[in-house]
Amino acid sequence: MRRMSDRLQALHEEYAQGARRPLKGYLGLLAGYGVAVGALVAAARFSRRTLPRPGAGDVLLITAATYKTSRLLTKDAVTSPLRAPFTRYDKPIGAGEVQEEVRDEAGPARHALGELVSCPFCLSVWVATGLTGGLVLAPRFTRLAATALTAVAGADFLQLAYAIAHRHAEGGPKPAPAPLPAGFEPAELR
């Protein structure tokens, strides 16, 4: 057993190349995701519901609701108390959102959770899975909740469009383009 542990540690060190990569925490998250998906599948089978064939409308609704839920949970200033055990406030980034840093001194599980709860791209997989499971187990409620979230997402875009149009009409400076999330800059800029 010791030999296996030594091999895994060596693999981790080779993979990380000196960077802090909480592979044990990621394994825990993957296991948790697998358990959640398994529970959704078991609940669907136990309920004997037939699996729906989502149409384009459902896909668009779940897409917009996933976007908004992920942003609300990972960036909204009001939801920062949910992230505080895993992240630290860094700075405001506009439109009621904040930038946070993962608590690096935490163990691998807290570090991995910090990355998950502060990254809308990462959390969207979990949110989309939950909403898709909701279409099977509680379709009317899920569509109602997704409709509200989609309306909020649409309102966000209208608020931003209004602000841009207002600035343009007043002859003010044009807003600077939003910075890309870490890891999404073009290869030639890295």
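Here is a short exchange on how the features of this predicted model are named.

Reader: What makes the local features and side-chain pairs count here?

Author: This is a predicted model, so cut-offs apply: local features need pLDDT of at least 70, side-chain atom pairs count only at pLDDT 80 or more, and totals for chains, interfaces and linings use all residues. Residues are numbered from 1 along each chain as its sequence is written, and side-chain values use heavy atoms, with hydrogens and water left out.

Reader: Why is Tyr33 with Trp126 called an edge-to-face pair?

Author: A search of the whole structure finds two aromatic pairs. In one of them, Tyr33 and Trp126 lie 5.2 Å centre to centre, with 70° between the planes. Rings of Phe, Tyr and Trp (its six-membered ring) pair if their centres lie within 6.5 Å; planes under 30 degrees apart count as stacked, over 60 as edge-to-face and the rest as tilted.

Reader: Where do Tyr33 and Trp126 sit in the chain?

Author: Tyr33 is in helix H2 (residues 23-47) and Trp126 in helix H6 (residues 120-137). They are 93 residues apart, and the pair links distant parts of the chain.

Reader: Are Tyr33 and Trp126 buried, exposed or partly exposed?

Author: Buried means under 20% relative accessible area, exposed over 50%, partly exposed in between (1.4 Å probe, protein chains only). Tyr33 has 25%, so it is partly exposed. Trp126 has 28%, so Trp126 is partly exposed too.

Reader: How do you know that Asp156 and Lys68 form a salt bridge?

Author: The closest N and O atoms are 2.3 Å apart. A salt bridge is a side-chain nitrogen of Lys or Arg within 4 Å of a carboxyl oxygen of Asp or Glu. The distance meets that limit, so the name holds. Asp156 lies in helix H7 (residues 139-169) and Lys68 in helix H3 (residues 56-75), 88 residues apart. Asp156 is partly exposed at 25%, whereas Lys68 counts as buried at 7%.

Reader: How many salt bridges does the structure hold?

Author: It holds seven. Another one joins Glu97 and Arg71, at 2.5 Å from N to O. Glu97 lies in strand E2 and Arg71 in helix H3, so this pair ties together parts that are 26 residues apart in sequence.

Reader: What makes Glu97 buried or exposed?

Author: Its relative accessible area is 17%, so Glu97 is buried.

Reader: What joins Arg88, Arg103 and Glu105 into one network?

Author: Start with Arg88 and Glu105, which form a salt bridge with the closest N and O atoms 3.0 Å apart. Arg88 lies in strand E1 and Glu105 in the loop between E2 and helix H5 (108-117), so the pair ties together parts 17 residues apart in sequence. Arg88 counts as partly exposed at 38%; Glu105 counts as exposed at 52%. Salt bridges that share partners join Arg88, Arg103 and Glu105 into one network.

Reader: Why is Val78 called exposed?

Author: Its relative accessible area is 70%, so Val78 is exposed. Val78 sits in the loop between H3 and helix H4 (80-83). The C-alpha atoms of Val78 and Glu97 are separated by 8.5 Å, and the two residues are 19 apart along the chain.

Reader: What about Leu144: buried or exposed?

Author: Leu144, in helix H7, has 59% relative accessibility, so Leu144 counts as exposed.

Note on methods. Helices (H or I, at least four residues) and strands (E, at least two) are DSSP runs, numbered from the N terminus.
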